Amino acid sequence: MLPLPALTILLYISISYVSVLYISSKNASSNYPTLDRDDPRVITRRMNGLLKLTCFNILFIPYIQTFLYKDDTLSFMQAFIQLGLIPGFFRDQHFDLPTYYLDINMGIWIILILYVGPIIDLLLYYIIRGEKKLIFSDFKNEFNNIYSLRNYIFAPITEEIFYTSMLLNCYLNLCPIEMLSMRKLLWEPSLFFGIAHVHHMYEAFKIGDQNIITILINTMIQFSYTTLFGAFTNFVFLRTGGNLWACIFVHGLCNIMGFPGGSRVTLQLTINSDSDSDNDSHDEDKEGDDNAY
């Protein structure tokens, strides 16, 4: 059982993030009841609210830890550095920018290796299409909007600060050492991250375009892979000695790649094959018409 002060702080960190999403977008949703989480007005309000909460919590959480620290030897600056916000600083307070940079690169390479199949599929897709400008237009359409700002930059930064750095530091600083193990540090904080995504069930139910069974299945799937991903970023944070930015880059890259889907190459080849078949049929019909005349 976690100590009550530690559990209280952990619940505050997790709940405050989700709560501010609804509090900050309340006015927008009340003025426009049909707005969902992907409406630009809701996104803007939520990012503004989360930005304010993040600025508050990166000062409040280290401050409160100095009072609750198990050995009474933690200063505010030490607790702040442990968050990992300052590139080059590790949890043990030493500064090593080259190693910090290498850890970030290692995290990126791990994700690229995990996604090597979809990456090769995407490259082959553009080669088959043979349109040089297509890749640039797709890149612009994908990243030049508020959705990419939220999904690929803002969400990875804020979620890793809250659900990786803050949660893990609370475990490490506020729980007795005999209670901690690598398994506990990997999986318990990640459950907070998984549960934090369950609120999407309410939003899906409110929109009303899915039945309850579909909503429940989608929620369970999302809970499962977000919990698993949370354990992975916890491992990265612990293995690198508190490299928060490695976790952020890993998170952002995973959001860009998304959940693996069907092959674009297979789809494009199918379209090309169907197109060729239609052209052959059209040519045969044309020849038949010419012969009739």
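**Exercise 1.** Determine how the axes of helix 1 (residues 4-24) and helix 3 (residues 40-68) are placed relative to each other.

*Solution.* The axes, which are lines fitted to C-alpha atoms over the stretch in contact, with angles from 0 to 180 degrees between N-to-C directions, come within 9 Å and cross at roughly 165°. Helices here are DSSP runs (H or I, at least four residues) numbered from the N terminus. The model is predicted, so that local features need pLDDT of at least 70 and side-chain atom pairs pLDDT 80 or more, while totals for chains, interfaces and linings use all residues. Residues are numbered from 1 along each chain as its sequence is written, and side-chain values use heavy atoms, without hydrogens and water.

Because angles over 145 degrees count as roughly antiparallel, helix 1 and helix 3 are roughly antiparallel to each other.

**Exercise 2.** Identify residues through which helix 1 meets helix 3.

*Solution.* With contact taken as heavy atoms within 4.5 Å, the residues of helix 1 include Ile9, Tyr12, Ile13 and Tyr17, and those of helix 3 include Leu50, Leu53, Phe56 and Phe60. By class, the contact divides into 15 nonpolar, four polar and two charged residues, where Ala, Val, Leu, Ile, Met, Phe, Trp, Tyr, Cys and Pro count as nonpolar, Asp, Glu, Lys and Arg as charged, and the others, Gly among them, as polar.

**Exercise 3.** Describe the lining of the largest cavity.

*Solution.* A cavity is a set of points on a 1 Å grid over the protein atoms alone where a 1.4 Å probe fits but cannot get out, and lining residues have an atom within 4 Å of a point. The lining consists of Glu159, Glu160, Tyr163, Thr164, Phe193, Gly230, Thr233 and Asn234. Helix 8 (146-174) and helix 11 (212-239) are the elements that give two or more residues, and helix 8 supplies the largest share, four residues.

Technical notes: 1 Å grid on protein atoms, 1.4 Å probe; cavity = no way out; pocket = protein on both sides within 12 Å on 5 of 7 lines; lining within 4 Å. Parallel < 35°, antiparallel > 145°, perpendicular 65-115°, else oblique.
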